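Okay, thanks everyone, let me put this one up on the screen.

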Amino acid sequence: MRLSRSFVPTLKETPAEAQIVSHRLMLRAGLVRQTAAGIYAWLPAGFRVLQNIAAIVRAEQDAAGAQELLMPTIQPAELWRESGRYDDYGKEMLRLNDRHERDLVYGPTNEEMITDLFRQSVKSYRELPQIVYHIQWKFRDEVRPRFGVMRGREFLMKDAYSFDLDYEGAVVSYRRMMLAYMRTFRRMGLKAIPMQAESGPIGGNMSHEFIILAPTGESEVFYDAAFEEIDYSASGFDIFSPEDLARFVGLMTTHYAATDEKHEPGTWEKLAPERQRRGRGIEVGHIFYFGTKYSAAMGFTVAGADGRPVAPEMGSYGIGVSRLVGAVIEASHDEAGIIWPDAVAPFRAAILNLRQGDGTCDRLCEEIYAKLGLAALYDDREERAGVKFADADLMGHPWQIIVGPRGAAAGTVELKRRAGGERQELSLDSALARVL
RNA sequence: CGGGGCGUGGCGCAGCCUGGUCAGCGCGCGUGUUUUGGGUACACGAGGCCGCCGGUUCGAAUCCGGCCGCCCCGACCA
């Protein structure tokens, strides 16, 4: 994109409503704009990040054998009456009426709907197990939305649902998602730790939340240094091997990890002091096993091998996709702005033309831009060098290709790495090679 | 949902208590000159139903009432 013709409204000053860093930086870097309390519009650069994150989530879900589908945002109240949650869910659920006065809800989650879909068409044990997911907008009418995109009312969530014939199968599905989640967060450059959690309104008795470490996180977390050493991303674990999954989850759950509300000082103190780690964390994912809570309530059964009906065992698995955008920023920024991890950056590189209008600089920049295409944001504005430097740092592109009159004549550019800030004078070709 | 606060050009704010050239300042934006590798300087200029409705008054951004919106703290959550 050419910045001079892009809708990327950066701000020099911070709007008064933004308190935490990620919110401030998202507004300042022109990623989002607030439309109403807890409701945001994603502008071009922000939307790219959102899509990058969704793509990673999708890739890991697919790799775990989950099937992507897409369910509606609007759901009939009837389904929620069947499960009993129409009354239980409370005011957080947005309720609507259509022109015929039918009761509808804007989905805060999709257990009922997916159970309904499955019960219509899945009739035999031979069709299980299955895991399906979708990435869809949710609405939860939070009493107090805050922290920008981190706690919005409308948010993009990946929610997956597993159906298994029995408990043993459900446990395998649950573990598979745990591994997929750890790989997902790792790919975004985040350190995540699964922690024992309450299952809350979803119900069930096995639940973990995934906390990523960020200095500005909402809750304090305590964990064993062992989490820093587990190599779950490599070939060490086959996600389709129940044995590997058991081994993986064993590693994940035998070490101490707890948020402040579940922290047990007694157990904690038994851990060698040099292995004790504490920090702050943000919840970015949550997985639940809840057995037949919905299948039983909604009359979903399949014929078992003996011909008798069996209510499938279910689990659900959520990742806050839009929240992750904020979380990544919380985990990776400095005084100057965002420092995007390569995998989620809206642009791999910014091309800074320090002397717009200068024939040599312009030509060099155009050449670079032609080679990088959409991977680059070409700052071709008629602005001073300082403005371009400041905006590039703010927006946090992993690389900055700085083209100025000094080097341009000799055909060299300066390459700056946003994380770390190292700069290097390079030939055009070697700079491009580094960036790509 | 309890407690607190705020709505004045795109952003940050002053003005309100003590109604009357108070509609202003900084940034941003436009034009020109200047500068030319870290948000340059100067000049000129565009831009505001002072959140909305009603009331008090000769006169309301300013006082009163109602409504709407937004933010912060707490209890609750992907």
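**Cavities and a sheet**

So, the largest cavity holds about 50 Å³ of space. This is a predicted model, where local features need pLDDT of at least 70, side-chain atom pairs count only at pLDDT 80 or more, and totals for chains, interfaces and linings use all residues. Residues are numbered from 1 along each chain as its sequence is written, and side-chain values use heavy atoms, without hydrogens or water.

A cavity here is a set of points, on a 1 Å grid over the protein atoms alone, where a 1.4 Å probe fits but cannot get out, and lining residues have an atom within 4 Å of a point. Volume means the space filled by probe spheres set on the points.

What lines the largest one? Among others, Tyr40, Trp42, Trp137, Glu154 and Phe155. Strands S2 (39-42) and S8 (154-164) each give two or more residues to that lining; strands are DSSP runs of E, at least two residues, and helices runs of H or I, at least four.

The second largest cavity comes to about 40 Å³, and its lining includes Leu31, Ile338, Trp340 and Met395.

Now the sheet: five strands, open, mixed pairing, in the order S20-S19-S21-S22-S23. Pairing takes at least two DSSP bridges. S19 (349-353) and S21 (399-403) run parallel over five bridges, with Ile351 opposite Ile401 in S21. Helix H11 (359-372) packs on the sheet, touching S19, S20, S21 and S22; contact means heavy atoms within 4.5 Å.

Technical notes. Chains are lettered from A and ligands numbered from 1 in the order in which they are written. On a 1 Å grid over the protein atoms alone, a cavity is a set of points where a 1.4 Å probe fits but cannot get out, and a pocket is an open set with protein on both sides within 12 Å along at least five of seven lines; lining residues have an atom within 4 Å of a point. Axes are lines fitted to C-alpha atoms, for helices over the stretch in contact, and angles run from 0 to 180 degrees between N-to-C directions.
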